[in-house]
Structure formats: C-alpha cells, structure tokens
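Please look through the sequence and the model shown here before reading the notes that follow. They are grouped by topic and meant for a reader who is new to this structure.

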Amino acid sequence: MDSILEQQRRAHEEIERIELVTVEELLQKPKTHKEKLIQDHRVDQYLERIQSRSQYLLDLYEDEDGSRRSEVMAISGATEFSEFYERLKKIKDYHRRYPNEVIEPMELEFAVRDTAREERDLENKFSGEEGLGKYLDLNAVFEQYVNLKDVKKINYVNFLGNFHKFGDIPKSTKKTPEYAKYINDSKVYLESFFARSQPLFNLREVRERLATEFEQQWEAGTLPGWEPEPQNGTEFYCIACEKQFAKQTVYDAHLNGKKHQKAAAGLLEKGITAITPEQRAEAQKVKERKARQRDKPIALAEALIKEYATLLEPQLEDTKANVERKQALTDEERRRLLESTEEIEIPEEEEEEEEKIYNPLKLPLGWDGKPIPYWLYKLHGLGVEYQCEICGNYVYMGRKAFDRHFQEWRHAHGMRCLGIPNTRHFHEITLIEDAYSLWEKLKGNSKLDSYNNDVTEEFEDADGNVFNKKTYEDLKRQGLL
C-alpha cells in the first residue's frame with residue numbers, strides 16, 4: 001500500500017494532468033452540434049473528477065486519524081535513515097516478486113478515447129423529440145397538465161408558451177396532490193434537460209440565487225400568486241375542526257354537524273371546556289402558518305420553472321416552430337425529413353478544417369459556401385424585408401422568398417389556425433385583419449360558393465404530376481396511376 005505522502009503526490013499529479021487535458025479539449029473548436037455536446041460532457045466529466053480528487057486531498061490533509069502526521073514524524077525524526085532503507089527494501093522486494101509488471105502511464109488514460117461509445121452514450125441521453133438537446137420534450141408533462149382540475153384546456157403548442165405561467169391556475173387546484181406531482185415533474189425534467197444539453201451550465205448558482213430572492217419575497221408576502229389570503233375574522237373559526245367559515249349561518253350549521261361534535265368531544269377529553277378569543281386567534285394563526293409551509297415547496301418549484309423557462313427561451317421557440325412544422329407535414333414529407341436529417345449528420349465525422357469566411361456585409365452563402373456577389377444580392381432584393389403577421393411576424397428576405405412562402409407549411413399552418421382556406425384569393429395577404437375582412441367579403445359576394453374540394457384540392461402522383469381531386473380519383477379508379 002502506498003504511503004500517505006505518495007497518495008497525495010499522485011492525487012496532485014492527477015489533478016494537474018486533468019487540468020491540462022481540459023485546456024487542450026477546450027482549445028479544439030467543434031464543427032457540429034453533436035461534437036460540441038460531446039466535448040461539453042467530456043469536460044464536465046473532467047471537472048467532476050477534479051472535484052472528487054480535490055475532496056480526497058482535503059480529507060488527507062485534514063488528517064483526522066493522525067496517520068499523515070505519524071508518517072511525517074517517521075521520515076523526519078531520529079530514525080529517518082532507517083525508515084528510508086526500510087521502505088527501499090520493501091520497494092525492491094515488490095519488484096523482485098513482480099519483475100514483469102506493466103505500469104501504464106497516467107497520460108495514456110486521457111490520450112485514448114472511445115468516440116463511438118461517447119456518441120452512443122450521448123444519443124441514449126435524449127429522446128427522439130429532443131433532437132440531441134435542440135428541442136424540449138414536454139409531452140409527458142402536458143398529459144399531466146390536461147388532467148388537472150379547473151385548468152384551461154389548450155393544445156401542445158400553446159402549452160409550450162404558457163407552461164411557466166401559473167397566474168391563471170386557481171388556488172384550489174394548486175393545493176391538490178396531482179398539481180404538486182405535475183410541478184415537481186416539470187422541475188425535475190427541466191433540470192435534467194439542463195444537465196444533458198448544457199452540462200457546463202452552473203445551475204446550482206441559479207438555484208441558490210433564486211432561493212435567496214424567493215425567501216425574501218415569501219417572508220414579505222409579496223410573491224406573485226402566493227400572497228397571504230385575507231381572513232374573515234376569528235369569530236367564525238372552529239378550533240375543534242381547524243376550519244374557517246365565511247358567514248355566521250354557515251358557522252352555526254356546522255356546529256350541529258356530526259364531525260364537529262366528534263371533534264368537540266375530543267377537546268373535552270383533553271380538558272378544554274372554554275375557548276377565549278385569544279386562543280381562537282392563535283389557533284387560526286398556527287393553521288395559516290402550517291398551510292403556508294405546505295404551499296412553500298410548490299411556490300418555490302414554480303419560481304424555479306419560471307427561471308428555467310427564461311433561460312431555455314431559445315430552445316422553447318425552436319421547439320414550438322418544430323412542432324408546428326411537423327403538424328403541417330404529410331407522411332411523405334416526414335419521411336423525407338428523416339432522410340435529410342440522416343444525411344446532414346454524415347459530415348460530422350469529416351475532419352477538414354473550415355476556413356474562416358470574411359463576410360462583413362452578412363451576405364447569403366452560395367452553393368460553394370462563399371458569400372454571393374453584392375450585385376446579385378441587390379439584383380434579387382435580398383436586403384428587403386417582408387414581414388408576414390399570419391406566419392407569426394416571420395421576416396422573409398427578398399421578394400422571391402416572400403412569394404414562395406405563401407405555399408409553404410408555415411403560412412399554410414397560420415391560415416389553418418385562422419380557419420381560412422389557403423387559396424389564391426389570399427395571395428399577398430400578410431395581415432390577419434386583412435385576411436379576415438377578405439374572407440368575409442368573399443363569403444358575402446358568394447364568390448366561394450363555387451369553392452369545391454373536387455376542383456380546388458390538388459393531389460400529386462408518384463411521378464410528381466399534379467391533378468385536382470376529381471381527376472386524380474378518376475384516374476386512380478381506372479388504374480392509370
């Protein structure tokens with residue numbers, strides 16, 4: 001067994017080598033999202049190892065059992081030479097017994113990396129919906145939300161934008177065990193997502209800062225949504241049942257109930273025969289404090305979820321856009337999307353270094369990966385912004401992209417949300433108010449009376465030929481498709 005001093009020396013060496021490897025790792029610039037995520041998890045493992053070895057060193061230096069002190073005294077006292085030769089003898093005997101033992105240098109431990117295993121472990125950390133940390137998967141939490149009592153029923157897209165807003169949820173629902181489980185599961189998932197998608201993010205610092213602010217607001221009674229409820233007075237408070245009543249009539253009716261009589265009998269057995277107003281007020285305050293203590297963990301979880309949602313706002317916006325896009329896709333388009341995703345992931349293994357492109361004007365990139373000429377940029381009007389309110393105020397650069405977007409999924413989804421068919425009548429319409437007014441005008445002029453699905457709906461065969469619904473069904477019925 002190594003001596004205490006040798007264990008300390010080895011721990012110091014290990015920490016220094018890990019720090020050196022961490023610096024070398026961070027100097028490498030990953031090219032893709034997956035490589036960046038693998039690098040972050042690798043550095044996170046290094047930091048955790050440094051922390052564990054530092055704690056191990058601290059325990060050795062504290063020397064609670066006195067073994068380090070005894071060893072230092074042994075090698076620095078009057079018998080230091082005899083101690084030295086005794087240890088030298090043990091080392092020689094060990095190498096005499098094991099002459100061919102292979103010693104693996106510590107630096108080799110960090111030089112060899114199993115990249116395939118790291119990629120496999122990374123993919124196992126995320127679900128298919130999360131896309132390696134690009135999007136959030138709140139489907140399980142959404143299922144819990146829609147099953148809560150007295151909450152507004154919304155779809156998944158609206159839930160993504162409002163799951164961290166708790167002002168519309170009634171207090172009665174917040175006091176149920178189902179709501180407590182929903183809040184806790186939401187908090188646990190977001191913290192897990194942080195640990196998997198941003199392993200180097202200091203989430204503990206955020207929790208500590210938020211806990212301090214929460215305690216101040218909670219004690220002052222100024223936390224939004226959790227202010228102390230005003231009481232109706234102590235004269236309508238029942239000490240036996242620990243219950244507050246709003247009116248005298250309800251309170252008098254309660255006194256004749258079986259539950260109250262049973263609870264009052266319990267007080268009599270304890271020797272309580274009379275209750276003063278001071279005792280009633282004190283009992284009411286005790287109950288309020290207990291209720292506040294029960295609500296405190298839920299309120300803290302809500303505050304954490306609000307903060308987490310603010311930090312994850314870019315991922316939430318990407319998630320909403322991804323869900324809306326998938327809802328507007330057909331089965332064929334979903335299949336093509338999966339194929340394109342697989343093709344995009346192939347170049348991640350290429351090790352060619354990309355040259356830094358000088359692009360001060362922020363021009364679009366051409367087919368060769370270089371900025372297009374400025375005259376071509378001006379010719380196509382790519383510097384002109386076209387904003388579409390129906391698409392969620394999305395901005396399209398250039399007239400060509402603006403004209404093309406009227407037949408794309410984003411605009412089609414926006415028109416479907418408005419309850420308006422995306423026909424040629426609404427080409428060039430970008431404002432919601434204009435779309436509604438034109439829709440009412442078309443219905444009033446009976447111009448849509450001739451709107452027929454058999455003529456308006458378009459179908460595409462396997463060769464890419466486009467037909468209206470009636471022609472497509474006739475050809476299919478005749479076996480020509």
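Buried here stands for under 20% relative accessible area, exposed for over 50%, and partly exposed for what lies in between, with a 1.4 Å probe and protein chains only. The model is a predicted one, in which local features need pLDDT of at least 70 and side-chain atom pairs count only at pLDDT 80 or more, while totals for chains, interfaces and linings use all residues. Residues are numbered from 1 along each chain as its sequence is written, and side-chain values use heavy atoms, with hydrogens and water left out.

- Tyr182, when its neighbours within four places in sequence are left aside, is in contact (heavy atoms within 4.5 Å) with Val141, Gln144, Tyr145, Leu148, Phe159 and Phe163.
- In soluble globular proteins, nonpolar side chains tend to be buried together.

**The chain as a whole**

- The chain has 22 helices and six strands, where helices (H or I, at least four residues) and strands (E, at least two) are DSSP runs numbered from the N terminus.
- Of its 481 residues, 28% count as buried.
- Among contacts between residues at least 6 apart in sequence, 54% join residues at least 24 apart.
- The accessible surface, computed by the Shrake-Rupley method with a 1.4 Å probe, comes to about 33,000 Å², of which 52% belongs to carbon and sulfur atoms.

- The strands β3 and β4 run antiparallel and are joined by four bridges, strands being taken as paired if DSSP finds at least two bridges between them.
- Glu385 stands opposite Met397 in β4.
- Five residues lie between the two strands of this hairpin, where Gly392 takes a positive phi near 80°.
- Asn393, in the loop between β3 (385–388) and β4 (394–397), has a phi near 60°, a positive value in a residue other than glycine.

**Another positive phi**

- Asp150, found in the loop between α7 (139–146) and α8 (156–162), has a phi near 60°, again positive in a residue other than glycine.
- Asp150 counts as exposed because its relative accessibility is 59%.
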